[in-house]
Amino acid sequence: MQSHGHRRQPSIEFLELMGVVKENGSDQSSLPPVHTPLSYDYVLVGKTMENQETYTVKKQTKFIEELKKKNLKVTKIIDEDLVFYGIQAPKEIFERYRYLLKVSDACNWSSDQNIVPLSTRIRIVHFILNHTKLPQTGEVLRDLMKMKVFEAKFCLHEKKKQRELKESWARWTACLQGQPITAVRNYFGEKVALYYLWLGWYTYLLIPPAVIGLIVFLYGLAFFNSSPLIKEVCESDTVMCPLCDKRCKVWVLSETCTYAKVTLLFDNNGTVFFAMFMAIWATLFLEFWKRYRASYVCEWKVSDWSEEEEELILQIVNNVDCEPQKYKHSYLRSTVVLICVTIMILVIIGLTHALVVFRVFAAVLLAEGSWEFLSTHSNSGAMMLGALFHYVIIIVMTRVNRIVAMKLCELEKTRSFAETEKSFTIKMFTFQFFTYFSSLFYVAFFLGRINGHPGGYVRIAGLWRLEECHPSGCLTDLFIQMAIIMVLKQTLSNVFEFIGPWFSRWLKRRRTKKLQRKCGHCYHKDDTLDSVSELCECCKLRDWLNNYHLNDVDSFSLFNEFLEMVIQFSFTTIFVAAFPLAPLLALLNNIIEIRLDAIKMVTLERRLVPKKTNDIGVWIDVLEAIGVLAVIANGLVIGVSSDFIPRQVYRYLYGPCANGNTTNTDCMVGYINNTLSLAYMNDQDIHNEFSASQMVTPSGMNASYCSYKDYRSDEDYSLTPQFWLISAVRFAFVILFEHVLVICKFIAAWFIPSAPMEVKNDRLFDKLNRLKEELKSFEA
């Protein structure tokens, strides 16, 4: 009977057809053999000492002796000031692992137990090394690394498979090709493969929003000359109030003609449709991702794999007499951690306030400066400088956030590495989210709404006026901020991400003398993977040195890549109403990012320890939370920050077409003047607010009044009925927008099964066949 588990999954065939992947996920032909004597499972590197009685050498020797007690084969090779320990585990360890896997409650269906590939060997030996303790002191490898007893630890790249991955995946010319996900899984493990599968699917699905976002942008561009709003701004001779104290003078509204055109590119009727589309898109992206993930983990036979049971198996393999790490919970520790997280978030929000103060000072300094251009555009200059300063804060706080998150994880005393990783992920993402977005939330929802009005401006320390929105609208400020941060983050991060490891590897190789040419005999063996003989000592050393000179990796190396992409996903969805080109920028970045990460991982960095998993972990919960937040944020951006609602209220209640009147004029004529209020100089508060020199127009006339953007009475500056009507409509729109989209998200999530029926049926047949085989072996 043919096994249903090896049939091609239609979902995977569809991914191949679209070009996301370029080979069948059930292809097992590239799995490494059970035993590869030419490649060691792990290598430890220490410093050589002339005095063999030193503290460091004794620790080294004791640790190696403990490994030998576990029947691990250790090969020692000395090269000048470095000593290399090549480690191979005996066959018995892997047979024990295979047997425990078979009798496990959760993992017994989750793997093909006939083979133990090299990736699994590396994972087992990695666990044994990290859980081997020195007698008496109880120090583990991590402690010895901190004490510099060992300089490095790494698993070796396999040259033949490394070359294959370079040719098929890790090269710039493969940017528009599908990824060999199964080959990546066989070499780097399921965790890395699922990251690249997720990134490939995310990048592919960015094509529709990128195209629609560009159409929304071009839609605004098409109305540059025909829009009555732009015409009204560009032809206006309305005198506007000074934007700052002392140096700023009154100005004419027509000066903002260019900015009004830019604003229309992303604040138009198409923006509402695009925001709704992106909210549904985020849900569809996640639901379809779950389906493709299910297809691949079924092909890889890790559908029912349990991280907890895998860890128990590895503990027994390492030490038969081990005791399980018990689950513990401390309300005191949880309370302390919660308080610390809250304080950290408040500190990050405090930095946002510092950014606000910085922009206020920058606007004043630019306005009072000697450069006419900067003085004229002081508000825009201050916003751009604020965005650059925000980027610097992001760089600094990323390091601080990492340290704080790790310390809090240590304080929690999590039970296992898996729990530590989950806890660290949640904390680190939370800190990074507030670092990136707290300033954007301020610009989107508070800027220009708490600064007061002429005669009653809100001031910092009673001296400096709080900044206002850009004259063309608050969304312009949000657009500038997002564009600068996103472009800087993607370009500079990618440059340093690639140049840093490349330059580091080049520098290490320059400092190290070259070994003699590899002998022809070993070269032949290395290519053919001879299963009998080993490489000579010189060639082993060459291989180990090459791996040693690569850049170091750790357990959180993949986390860094995920965090970068999830932050980008947040930018692409949360404020997309203010920046419709964000999906296009993300798409272009990701096409490069996939190959950049691949080249870095295959050629510039040491080999990541292959990790087994069947999901992207807590990141799926983070992505779903972002999807919900995107609905709320976009609803608020359209309803509160943009001029969409005021325009509709004017069109139907206050404009030429109000009450169903049909006229030959455009319904939006007069809208700009309708949004402005007047401040007269004969009012004592206004007279005290602006000096006589500030009220001189560009043409040299003395203005007796000026306009400002708000809905206020000209007599007592109280809010007009139109303001309260617009506020009510804004509130109703936000409630309606969010409820409709949340319902649509739930319907989409319900309508699309999380796993294809073929996958469920294949797993069902696979389990049935295995049970029948077990019964036959029992009866025999």
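Me: Which residue in S3 does Lys-73 stand opposite?
Reply: In this predicted model, Lys-73 has Gln-88 of S3 standing opposite. S2 and strand S3, residues 82-88, run antiparallel and are joined by seven bridges.

Me: OK, and what order do the strands of that open sheet have?
Reply: The open sheet consists of four strands in the order S2-S3-S1-S4, and the pairing is antiparallel. Strand S2 (73-79) and strand S4 (152-154) are the edge strands, each of them pairing on one side only. If direction is ignored, neighbouring strands of this sheet are turned against each other by 15° on average.

Me: Which strands does helix H4 lie across?
Reply: Helix H4, residues 118-130, lies across strand S1 (42-47), S3 and S4, and runs at about 40° to S1. Helix H20, residues 537-548, also packs on the sheet, where it touches S1, S2, S3 and S4, and its direction makes about 80° with that of S2.

Me: Switching topic, how many cavities of 30 Å³ or more does a search of the whole structure find?
Reply: The search finds three cavities of that size, and the second largest cavity holds about 60 Å³ of space.

Me: Which helices each supply at least two residues of the lining of the second largest cavity?
Reply: Those are helix H14 (331-367), helix H16 (378-412) and helix H17 (417-445). The lining residues include Leu-351, Leu-355, His-390, Met-397, Phe-434 and Ser-438.

Me: And how do the residues of that lining divide into nonpolar, polar and charged?
Reply: For the second largest cavity, the lining has six nonpolar and five polar residues, with no charged ones; among the residues that line this cavity are also Ile-348, Thr-352 and Ser-439.

Technical notes
Residues numbered from 1 in each chain as written. Predicted model: local features only at pLDDT ≥ 70, side-chain atom pairs only at ≥ 80, totals over all residues. Heavy atoms only, no water. 1 Å grid on protein atoms, 1.4 Å probe; cavity = no way out; pocket = protein on both sides within 12 Å on 5 of 7 lines; lining within 4 Å. Points joined across faces, edges and corners; volume = space filled by probe spheres on them. Nonpolar A, V, L, I, M, F, W, Y, C, P; charged D, E, K, R; others polar. Pairing = 2+ DSSP bridges. Axes fitted to C-alpha atoms, helices over the stretch in contact; angles between N-to-C directions. Contact = heavy atoms within 4.5 Å.
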